[in-house]
Amino acid sequence: MKHNFYLPLFILLLSILACAFPASTPAAPTLTPIPPTPNPPLPSQIPATATSGAVSLFTGTWIGPDPDDGSVMTLTLVQTGSTLEGRYSDSYSGNITPPGYDGTVTGSVLSPTTAQVTMNLSRHDGQNIVLQANLALSGQDNILTATVTSLTDVGLWVLTRE
């Protein structure tokens, strides 16, 4: 019996030729790519104009109830660039007369709606306290929420722009 040697060789040669020739060039995609979403700036990358001049969102007089006793708290702030300065006063301090803590406030604006402050407060009887707080603006920048971070038994202060 005679084997046909040329048929397998012919098939091998055709398969090599068929695979070796490139196919037609694929068409370019017709979809328009979506532009990348920009990353929001880090607080350190916020331009000075975002926290100065006409955009002094923290500047003003803020009034609200003390969550401990219902007395009136007043926080007056002036924003210059990324710096905050002002005064704090409270109209009640238990049976101490004249009532209330009063003192200076200093701090830094971290973003257009957040800041950190330190309040050096005293009463007429010599009682002194230093409070540190994080501030956050909301309600179209007419509500200022203060979270006191230096004491654990102080509730949130919610103050409104006067």
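These are my notebook entries on a predicted model of a single chain.

**Entry 1. Confidence**

I began with the confidence of the prediction. The chain has an average pLDDT of 78, and 65% of the residues reach a score of at least 70. I then looked up residues 45-54, where pLDDT stays under 50. For this stretch the model has 14 contacts beyond four places in sequence.

Is I11 buried or exposed? I recorded a relative accessibility of 52% for I11, so this residue counts as exposed, the cut-off being over 50%. I11 also belongs to a nonpolar surface patch, which it makes together with L7 and F10. The area of this patch is about 310 Å².

**Entry 2. The aromatic pair**

I looked for aromatic pairs and noted a count of 1. The partners are Y88 and W157, and their arrangement is stacked. I noted 5.4 Å from centre to centre and 15° between the planes. Which parts of the chain does the pair tie together? Y88 lies in strand β3 (residues 83-90) and W157 in strand β8 (residues 157-161), so the pair links parts that are 69 residues apart in sequence. Y88 counts as buried because its relative accessibility is 4%. W157, at 6%, likewise counts as buried.

**Entry 3. G103 in strand β4**

I located G103 in strand β4, which covers residues 102-111. With a relative accessibility of 5%, G103 counts as buried. Which residues are in contact with G103, leaving aside its neighbours within four places in sequence? I listed G86, R87, Y88, N120 and L121; Y88 is also a partner in the stacked pair of the previous entry. I also looked up the separation of G103 and R123, which are 20 residues apart along the chain. Their C-alpha atoms are separated by 8.7 Å.

I then looked up V117 and V148, which are 31 residues apart in sequence. From C-alpha to C-alpha, V117 and V148 are 9.4 Å apart in space.

Methods
Residues numbered from 1 in each chain as written. Predicted model: local features only at pLDDT ≥ 70, side-chain atom pairs only at ≥ 80, totals over all residues. Heavy atoms only, no water. Patch = residues over 30% accessible without salt bridge, like charges linked within 9 Å, V, L, I, M, F, W, Y side chains within 5 Å. Areas by Shrake-Rupley, 256 points an atom, 1.4 Å probe, with all protein chains shown as cover. Salt bridge = Lys/Arg side-chain N within 4 Å of Asp/Glu carboxyl O. Buried < 20%, exposed > 50% of the residue type's maximum accessible area, 1.4 Å probe, protein only. pLDDT = per-residue confidence, 0-100. Contact = heavy atoms within 4.5 Å. Helix = DSSP H or I, 4+ residues; strand = E, 2+ residues; numbered from the N terminus. Phe/Tyr/Trp six-rings, centres within 6.5 Å; stacked < 30°, edge-to-face > 60°.
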